[in-house]
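Subject: Handover of a structure and findings

Dear colleague,

Please find below the structure that I am handing over to you.

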Amino acid sequence: MNHLATLVRVELTEAAKEYKYVWLTVFFVLLGLTQPLINLYMDIILQQLGGSIGVILDPNKLDPTPSEIFLSTISGQFDQIGLIILLISFMGLIATDRQNGMQDFILTRPVSIHCYVYAKLIAHWFISMFSIGFGILTSYICTVYLFGSFSITKLILFSVLYSIWILYLTSLVIVISVYVKHQVLIAVSAIGISFFLLLIKNVDLAFSDLLPSSILNVAEHQLVATYDVSYLSIVSCLVLIFCNLLWASKKLKN
């Protein structure tokens with residue numbers, strides 16, 4: 001346990017030296033502000049883009065609820081450009097240790113491989129959720145201020161489930177990193193797999209229960225209850241995280 005705490009502390013310190021808490025947090029805060037403002041000024045934006053043609057929104061269209069506007073921030077900003085930047089920030093997670101010899105140095109000490117892998121997972125999940133948490137909070141405050149309130153309890157439930165998805169993404173980068181040496185290829189592979197999982201999560205509800213990305217359906221269901229969801233996807237996501245870590249540890253051991 002002491003070794004795990006020490007390794008986590010080292011990872012968090014390295015992130016602080018790289019100002020990752022600052023620039024990643026600023027990035028997600030800006031993303032959190034963007035979508036509510038776009039929704040607020042959509043009419044003006046379309047009028048400006050439409051020029052003399054005068055493109056306007058359908059006057060009969062129902063106004064989105066505050067929770068729907070908040071969800072559009074997550075699905076339209078965090079799960080697209082936010083996910084890309086987040087995974088790029090992960091690409092040196094193990095590759096850097098391998099290149100500068102730190103991995104060999106650590107693993108020749110009385111530190112288990114499992115401890116090394118779990119430290120990577122915990123530290124980078126914490127760094128991610130620190131930044132994303134500020135982004136979510138900013139989006140919530142902006143949405144409530146501009147469009148009206150929705151339950152803070154539902155927001156917390158959503159955030160907890162969303163954090164499990166981030167935990168899965170971290171484990172995915174770890175398992176890719178033990179096979180791929182080039183950092184750009186690690187980022188491209190992780191982004192490609194993540195977007196594919198997001199794309200197919202609603203194709204077949206029975207099949208999607210086995211996908212880690214389906215936990216996002218459960219998370220969204222906490223805010224907008226539009227259809228039935230299966231909570232089995234939470235278990236599937238946790239099992240896949242464990243499998244990724246086991247897979248990565250076994251590969252490093254060999």
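The notes below set out what was found, beginning with the basis of the values.

This is a predicted model, in which local features need pLDDT of at least 70 and side-chain atom pairs count only at pLDDT 80 or more, while totals for chains, interfaces and linings use all residues. Residues are numbered from 1 along each chain as its sequence is written, and side-chain values use heavy atoms, with hydrogens and water left out.

Helix H12

Helices are DSSP runs of H or I with at least four residues, numbered from the N terminus. Helix H12 covers residues 232-253, which is 22 residues. From its first C-alpha to its last, H12 reaches 32 Å, close to the 32 Å expected at 1.5 Å a residue; the expected span is 1.5 Å times one less than the number of residues.

Several residues of H12 are buried, among them Ile-234, Cys-237, Ile-241 and Leu-245. Here buried means under 20% relative accessible area, exposed over 50% and partly exposed in between, with a 1.4 Å probe and protein chains only. The cover over the buried residues of H12 includes helix H6 (102-107), helix H7 (113-147), helix H8 (152-177) and helix H11 (215-221).

Ala-248 counts as buried because its relative accessibility is 0%. Leaving out residues up to four places away in sequence, Ala-248 touches Ile-174, Val-175 and Val-178, where contact means heavy atoms within 4.5 Å. Ser-249 is also found in H12 and is buried, its relative accessible area being 3%. Beyond its neighbours within four places in sequence, Ser-249 is in contact with Ile-113, His-114 and Val-117.

Two loop residues

Asp-209 sits in the loop between helix H10 (205-208) and H11. With residues up to four places away in sequence set aside, Asp-209 touches Ser-214, Ser-230, Leu-232, Ser-233 and Ser-236.

Tyr-19 lies in the loop between H1 and helix H2 (20-40). Most residues other than glycine have a negative phi. Tyr-19, although not a glycine, has a positive phi of about 55°. Tyr-19 counts as exposed because its relative accessibility is 58%.

Cavity and pocket

On a 1 Å grid over the protein atoms alone, a cavity is a set of points where a 1.4 Å probe fits but cannot get out, and a pocket is an open set with protein on both sides within 12 Å along at least five of seven lines; lining residues have an atom within 4 Å of a point. Grid points are joined across faces, edges and corners, and a volume is the space filled by probe spheres set on the points.

A search of the whole structure finds one cavity of 30 Å³ or more. The largest cavity has a volume of about 50 Å³, and its lining includes Phe-28, Phe-78, Tyr-162 and Trp-165. Helix H4 (66-90) gives the most to this lining, with five residues.

The largest pocket has a volume of about 570 Å³. Of its 26 lining residues, Val-10, Glu-11, Glu-14, Asp-97 and Lys-120 lie nearest its centre. Helix H1 (2-17) supplies the largest share of that lining, seven residues.

With kind regards
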